[in-house]
Amino acid sequence: MNNIKKALLIKTSEHIDEEVTLLIDGSTIVCFANVCPYELKAGKRYSIELKLNLPDNYSTIESSHREIPIEKIGKGFVYNLYGELHDDEFHTFTVLFDEGVHYDHPALNNKFIRLQVERIDASFL
């Protein structure tokens, strides 16, 4: 499985070259553009591949917080993602595939969880 999505580029950062604000499946999210082989233009749609960047000592917990699927933490790229874990699929603001979370936390399979990520990388295809 892959994490290829269509995204609308809302803006790029004036201060951090790799910071992009995207609209993906109805949610606005700030991502780290780790691969960008061409010049980006706000207002244009792009095919991107998303990758969750987890810290080495990441943790996830079962959660009952269901109001929003994504919560920005601070001014950087850190997010709390909320959603259901189904094997290697994490159903949050969009469906993301990450088998590591499933293997690291098998007791949370088919549960609603909170997963904190260091950042979400976006590779522009």
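Figure 1. At 30% relative accessibility, Tyr38 counts as partly exposed, a class that lies between buried, under 20% relative accessible area, and exposed, over 50%, for a 1.4 Å probe and protein chains only. Tyr46, at 6% relative accessibility, counts as buried. Ring pairs link Tyr38, Tyr46 and Phe124 into a cluster, where rings of Phe, Tyr and Trp (its six-membered ring) pair if their centres lie within 6.5 Å, with planes under 30 degrees apart counted as stacked, over 60 as edge-to-face and the rest as tilted. This is a predicted model, in which local features need pLDDT of at least 70 and side-chain atom pairs count only at pLDDT 80 or more, whereas totals for chains, interfaces and linings use all residues. Residues are numbered from 1 along each chain as its sequence is written, and side-chain values use heavy atoms, with hydrogens and water left out.

**Figure 2. The aromatic pairs, with Phe32 and Phe77.** A search of the whole structure finds three aromatic pairs. One of them joins Phe32 to Phe77 in an edge-to-face arrangement, with 5.6 Å from centre to centre and 85 degrees between the planes. Because Phe32 lies in strand S3 and Phe77 in the loop between S6 and S7, this pair ties together parts that are 45 residues apart in sequence; strands here are DSSP runs of E with at least two residues, numbered from the N terminus. Phe32 is buried, with a relative accessible area of 17%, and Phe77 is buried as well, at 14%. The rings of Tyr38 and Tyr46, for their part, have centres 5.7 Å apart and planes at 15 degrees, so that pair is stacked.

**Figure 3. Charged side chains over ring faces.** Arg119 lies over the face of Phe32, at 4.0 Å from the ring centre, and Lys72 lies over the face of Tyr79, at 5.4 Å from the ring centre. A charge is assigned to a ring if NZ of Lys or CZ of Arg is within 6 Å of the ring centre and within 35 degrees of the ring normal.

**Figure 4. Strand S7 and its partners.** Six of the eight residues of strand S7 (residues 79-86) are buried, so this strand is largely enclosed by the rest of the structure. Strand S6 (residues 70-72) is joined to S7 by three bridges in the antiparallel sense, given that two strands pair if DSSP finds at least two bridges between them. Tyr79 in S7 is the bridge partner of Lys72, and Val117 in S10 is the bridge partner of Tyr79. S7 runs antiparallel to strand S10 (residues 111-117), with seven bridges between them. In the hairpin of S6 and S7, which has six residues between the strands, Gly74 takes a positive phi near 75 degrees, while in the hairpin of S7 and S8, with two residues between them, Asp87 in the turn has a positive phi of about 55 degrees.

**Figure 5. The largest nonpolar core.** This core has 32 residues, and those with the most contacts inside it are Leu22, Leu81 and Ile120. S3 gives the most to this core, with five residues. A nonpolar core is a set of buried Ala, Val, Leu, Ile, Met, Phe, Trp, Tyr and Cys residues joined through side-chain atoms within 4.5 Å.

Terms used:
Helices (H or I, at least four residues) and strands (E, at least two) are DSSP runs, numbered from the N terminus.
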